[in-house]
Amino acid sequence: MATHELAAYRNKRRYAASGEPRGVQRRSKGSLKFVVQKHSSAHLHYDFRLEADGVLKSWAIPKGPSLDPSQQRLAIRVEDHPYDYRNFEGTIPEGHYGAGDVIVWDRGSYRQVPDGSEEAVLKGLRKGALSIELNGKRLRGLFSLVRLKPSRQWLLTKTRDAYASTRDITRISTSVRSGKRLRIRQR
Ligand code: MN
């Protein structure tokens, strides 16, 4: 059963020119990985991606993730991205889908709570309710992802724990991978 939809990803892109990975299904050795890319395209947003089933399950978060449990952040489910996309940063040229600059804003490992298995992640995605623990540089601790049925809209919310904070981490625009600063487009 093909639960991923890399076809949708591929149909939108011309890799040779955009610089983005074509990619295939692939699984991390060890813990499942997550990445958040900050993407300055027509609208600044954050791409939140969780590895599962050999691909990156993906959401676009217009306002970005928050460490404040009182802040529910709209997360729009988008097409699965290839596993190799987790390291992508650079400039998607004008005329291409998502034209603009991308940085790796955060990355690390994650686990489903309480079970910890990949199967439980996939089950949560189908059900529309997932509790996860992120072990990144900027995002740490427990978060919930809940789907507003029936739609592609989900809410990402920090769960109250030792990592909860009212500090606005979306003010940060440097890459955890390269240290590069994201150029915010003038519009
Ligand atoms: Mn994006």
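Here are some notes on the metal site, the charged pairs and a surface patch in this structure.

1. Some ground rules. This is a predicted model, where local features need pLDDT of at least 70 and side-chain atom pairs count only at pLDDT 80 or more, while totals for chains, interfaces and linings use all residues. Residues are numbered from 1 along each chain as its sequence is written, and side-chain values use heavy atoms, with hydrogens and water left out.

2. Start with the manganese ion. Its protein donors are H39 (ND1), H45 (NE2) and D47 (OD), at 2.2 to 2.3 Å. A donor here is an N, O or S atom within 2.8 Å of the metal (3.2 Å for Na, K and Ca), and because water is not among the atoms, sites may look incomplete. Along the chain, the donors of the manganese ion follow the spacing H-x5-H-x1-D.

3. Are H39 and H45 buried or exposed? H39 counts as buried because its relative accessibility is 8%, and H45 is buried too, with a relative accessible area of 14%. The cut-offs: buried is under 20% relative accessible area, exposed is over 50%, and partly exposed is in between (1.4 Å probe, protein chains only).

4. On to charges. Side chains of opposite charge can pair when their charged atoms come close. We call it a salt bridge when a side-chain nitrogen of Lys or Arg is within 4 Å of a carboxyl oxygen of Asp or Glu, and by this rule the count comes to 14.

5. Take R26 and D84: their closest N and O atoms are 2.4 Å apart in a salt bridge. That pair links distant parts of the chain, 58 residues apart, with R26 in the loop between helix 2 (15-18) and strand 1 (32-40) and D84 in the loop between strand 4 (72-82) and strand 5 (90-92). Helices (H or I, at least four residues) and strands (E, at least two) are DSSP runs, numbered from the N terminus. R26 is partly exposed at 40% relative accessibility, and D84 is partly exposed at 26%.

6. Now look at R183 and D101, whose side chains meet in a salt bridge at 2.8 Å, N to O. R183 lies in the segment after strand 9 (153-158) and D101 in strand 6 (residues 100-112), so this pair ties together parts 82 residues apart in sequence. R183 is exposed, with a relative accessible area of 55%, whereas D101 counts as buried at 11%. Elsewhere, salt bridges that share partners join K12, R13, E20 and E79 into one network.

7. What about D80? D80 forms a salt bridge with R77, with the closest N and O atoms 3.7 Å apart. Both D80 and R77 are buried.

8. The backbone nitrogen of R138 lies 3.0 Å from a polar atom of the D106 side chain.

9. D68, in the loop between strand 3 (55-61) and strand 4, is also worth a look. D68 is buried without a salt bridge, and R160, the nearest side chain of opposite charge, is 5.5 Å away. A polar atom of the D68 side chain lies 2.9 Å from the backbone nitrogen of S70.

Methods
A polar contact is a pair of N or O atoms within 3.5 Å; within protein, one must be able to donate a hydrogen and the other to accept it, and residues adjacent in sequence count only if both atoms are side-chain atoms. Lys and Arg count as positive and Asp and Glu as negative; His and the chain ends are not counted.
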